[in-house]
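The following note sets out several points for a colleague examining this model. Please read them alongside the sequence and the coordinates.

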Amino acid sequence: MVNYYNHQQIVAENLRAFMQKNGYSKLSLSKLSDVPRPAIDQLLLTGGENIDISIYNTYILQINRGFNFAENDLLKVTPKPNLLPPPPLAQTERSALAQELLDGLDHIMDIYTMYIS
């Protein structure tokens with residue numbers, strides 16, 4: 001069995017790319033893989049030190065099963081095409097207020113989805 005914990009950065013990048021390519025939100029990924037929504041946040045961090053090694057590996061295995069991934073699919077390093085020039089640095093950083101508002105919106109969406117399902 002692969003120890004995904006030792007490859008957190010690659011796993012997180014591949015999960016983000018998979019979600020973006022297929023239009024999955026954190027909540028939909030959670031529902032389709034039976035991984036708790038808060039754990040998805042931690043899996044997408046590049047250094048998920050807050051998760052125990054065995055729990056981290058269990059969650060990744062659940063995602064693999066949920067989406068029929070091969071054992072090493074989330075470990076493959078895939079080149080990212082640079083189709084657009086990078087934005088100016090001044091526009092890439094969010095203010096603390098903007099980040100707080102976006103986090104609040106994310107929480108509202110989580111609550112909303114509990115009522116419509």
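**Notes on the predicted model**

1. Asn68 is exposed, its relative accessible area being 69%. The model is a predicted one, and it places Asn68 in the loop between H4 and helix H5 (89-92). The backbone deserves attention here: Asn68 is not a glycine, yet its phi is positive, at about 55°.

2. Asp34 lies in the loop between H2 and H3, and its phi is near 60°, a positive value in a residue other than glycine. Is Asp34 buried or exposed? Its relative accessible area is 60%, over the 50% cut-off, and Asp34 therefore counts as exposed.

3. Ser33 belongs to helix H2, which covers residues 26-33. Its relative accessibility is 4%, so Ser33 is classed as buried. Leaving aside residues up to four places away in sequence, Ser33 is in contact with Gln62, Ile63 and Phe67.

4. Helix H3 spans residues 37-44, and its residues Arg37, Ala39, Ile40, Leu43 and Leu44 are buried. Viewed down the axis of H3, these buried residues fall within an arc of 150°, and they therefore line one face of the helix.

5. Which residues have the most contacts inside the largest nonpolar core? They are Val11, Leu15, Leu43, Tyr56, Ile60 and Ile63, in a core of 22 residues. Two or more residues of this core come from each of H1, H3 and H4. In soluble globular proteins, nonpolar side chains tend to be buried together.

6. With residues up to four places away in sequence set aside, Leu43 touches Ala12, Leu15, Val35, Ile51, Tyr56, Tyr59, Ile60 and Ile63.

7. The surface also carries a nonpolar patch, formed by Leu102, Leu105, Ile108, Met109, Ile111, Tyr112, Met114, Tyr115 and Ile116. Together these residues have about 1,000 Å² of accessible area. Tyr115, one of the patch residues, is located in helix H6. With a relative accessible area of 68%, Tyr115 is exposed.

Terms used:
Residues are numbered from 1 along each chain as its sequence is written. This is a predicted model: local features need pLDDT of at least 70, side-chain atom pairs count only at pLDDT 80 or more; totals for chains, interfaces and linings use all residues. Side-chain values use heavy atoms; hydrogens and water are left out. Helices (H or I, at least four residues) and strands (E, at least two) are DSSP runs, numbered from the N terminus. Buried means under 20% relative accessible area, exposed over 50%, partly exposed in between (1.4 Å probe, protein chains only). Contact means heavy atoms within 4.5 Å. The arc is that of the directions from the helix axis to the C-beta atoms. Patches are made of residues with over 30% relative accessible area and no salt bridge: like charges are joined within 9 Å, nonpolar side chains (Val, Leu, Ile, Met, Phe, Trp, Tyr) within 5 Å. Accessible areas come from the Shrake-Rupley method with a 1.4 Å probe; for residues, only the protein chains shown count as cover. A salt bridge is a side-chain nitrogen of Lys or Arg within 4 Å of a carboxyl oxygen of Asp or Glu. A nonpolar core is a set of buried Ala, Val, Leu, Ile, Met, Phe, Trp, Tyr and Cys residues joined through side-chain atoms within 4.5 Å.
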